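Me: I would like to learn how to read a few features of a protein model, one at a time. Could we go through them together?

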Amino acid sequence: MEDYKDLIATAQSQVGLTDFGDDGFREGLERLVKALNTEAKLNATGEYALRDRILLYLRQRLMIEDWYQRHPEIAEEEIREPLFGVSLPRTGSTALSYLLSSDPDIRYLRAWESSQPCPPPSTVEGPDPRRGVAASATEEELKGSKRTPTGIDGAMECQDLMALDFKSQIFQAFAQIPSYSEWDLEADNTETYLYERRVLKLLQWGAPAKPWRLKAPTHLLYLDALDTAFPDARFVMTHRDPTDVMLSVATVYADIIEKFTDDVDYHYIGELNVRCWSEGMRRAIDFRERGNDARFYDIHFRAMQRDPLGEVRGLYEWLGQEVSPAFADAMTAWWESNQSAERMTKPDPSKFGLDFDQVRAQFAVYLKHMETWAPFSETVA
């Protein structure tokens, strides 16, 4: 893959624009490209797909800034009281986000606009040509995955919006890039979230303002930065035994990375996820204990499996909102249609070098908090 400066020049030539806005994204881009070239051991598919993905984000950023230059009134849009899902991955948070997206009175990040926010959806007449079409070679390679719920208008994580600043865990799910992952773990994401806010304004511009429902496990690591950009945000956190989480997320990473390299280090994938998510939970606990606990609503994974609509009703009661009949019917239909989805076969944890006793030790403080935050009994009252 060429140097990051050449990628910037290529993106500019592709869309005929030059202004990326703030230059803060360049450090992450430079580190990412260097890691992909020196660490990732990409095969031909990976080389093509990751380059294509980087150019996609660069083009979109150029177009976002162009829309703002031509329509400065976009900046006047308000993002009020968003609800962020901030759970560990593989805890039922994606299913929850799909259920919440069934509410006709909210706004969520749709699959087709996540990686292609331009043009703003309100400016497109008729069926949007982005719906159901892969935006990049990586999306094309990952079509048909059974790891998460799917759908043309499905609810997506914030990873693509964060990737516009080139600080996103989406990249470490595509490739083995330890130097980038180490840097990103400690990076200041304040500007990343401020740019996400900028994109959300663009996406809602020209349409009736509705409260946003957003989510990404990554947020656990950067709650202070997220809070700076969205000071009136509230949070929902789903909970699950971290041994199940680590094995599941490592399996997902491996399934993706295997497409883009012929030299997968499975133990590295296991170690990366244990380190990342145990640190994320430590930071989340610290954030909650610094006067923010009342901003969180907690749901146990098994409680969600047992009574999804009941758990959403509890969340909405906490939000001071009602679950409308149309919303309830849509949730029921979605849940019933997704219960037959293909389930993941659990591999031997030793494949990823995972010792469950050691994993539990890394999450010991969290496990104690989970008993208080999301108590769960197998006995139905």
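Me: Are W334 and W335 buried or exposed?

Reply: This is a predicted model, in which local features need pLDDT of at least 70 and side-chain atom pairs count only at pLDDT 80 or more, while totals for chains, interfaces and linings use all residues. Residues are numbered from 1 along each chain as its sequence is written, and side-chain values use heavy atoms, with hydrogens and water left out. Buried means under 20% relative accessible area, exposed over 50%, and partly exposed in between, with a 1.4 Å probe and protein chains only. Both W334 and W335 are buried.

Me: Which residues of α16 are buried, and which exposed residues does the face turned away from the buried side carry?

Reply: An α-helix has 3.6 residues a turn, so residues three or four places apart point the same way. Helices here are DSSP runs (H or I, at least four residues), numbered from the N terminus. In α16 the buried residues are F327, A328, M331, W334, W335 and N338. They lie on the same side of α16, because they cover an arc of only 130° around the axis, the arc being that of the directions from the helix axis to the C-beta atoms. The face turned away from this buried side carries the exposed residues P325, D329 and E336. Among what covers the buried residues of α16 are α4 (93-100), α14 (301-306) and α15 (308-319), where contact means heavy atoms within 4.5 Å.

Me: How many aromatic pairs does the structure hold?

Reply: A pair of aromatic rings is described by the distance of the centres and the angle of the planes. Rings of Phe, Tyr and Trp (its six-membered ring) pair if their centres lie within 6.5 Å, and planes under 30 degrees apart count as stacked, over 60 as edge-to-face and the rest as tilted. The structure holds 20 aromatic pairs. One of them, F25 with F166, is tilted, at 6.2 Å centre to centre and 40° between the planes. Since F25 lies in helix α2 (residues 25-38) and F166 in the loop between α7 (159-163) and α8 (170-174), the pair ties together parts that are 141 residues apart in sequence. Both F25 and F166 are buried.

Me: How many disulfides does the count come to?

Reply: A disulfide is a covalent bond between the sulfur atoms of two cysteines. With the rule that the two sulfur atoms lie within 2.5 Å, the count comes to 0 disulfides. C158 is in no disulfide, and its nearest cysteine sulfur, that of C276, is 16 Å away. C158 counts as buried because its relative accessibility is 0%.

Key:
Helices (H or I, at least four residues) and strands (E, at least two) are DSSP runs, numbered from the N terminus.
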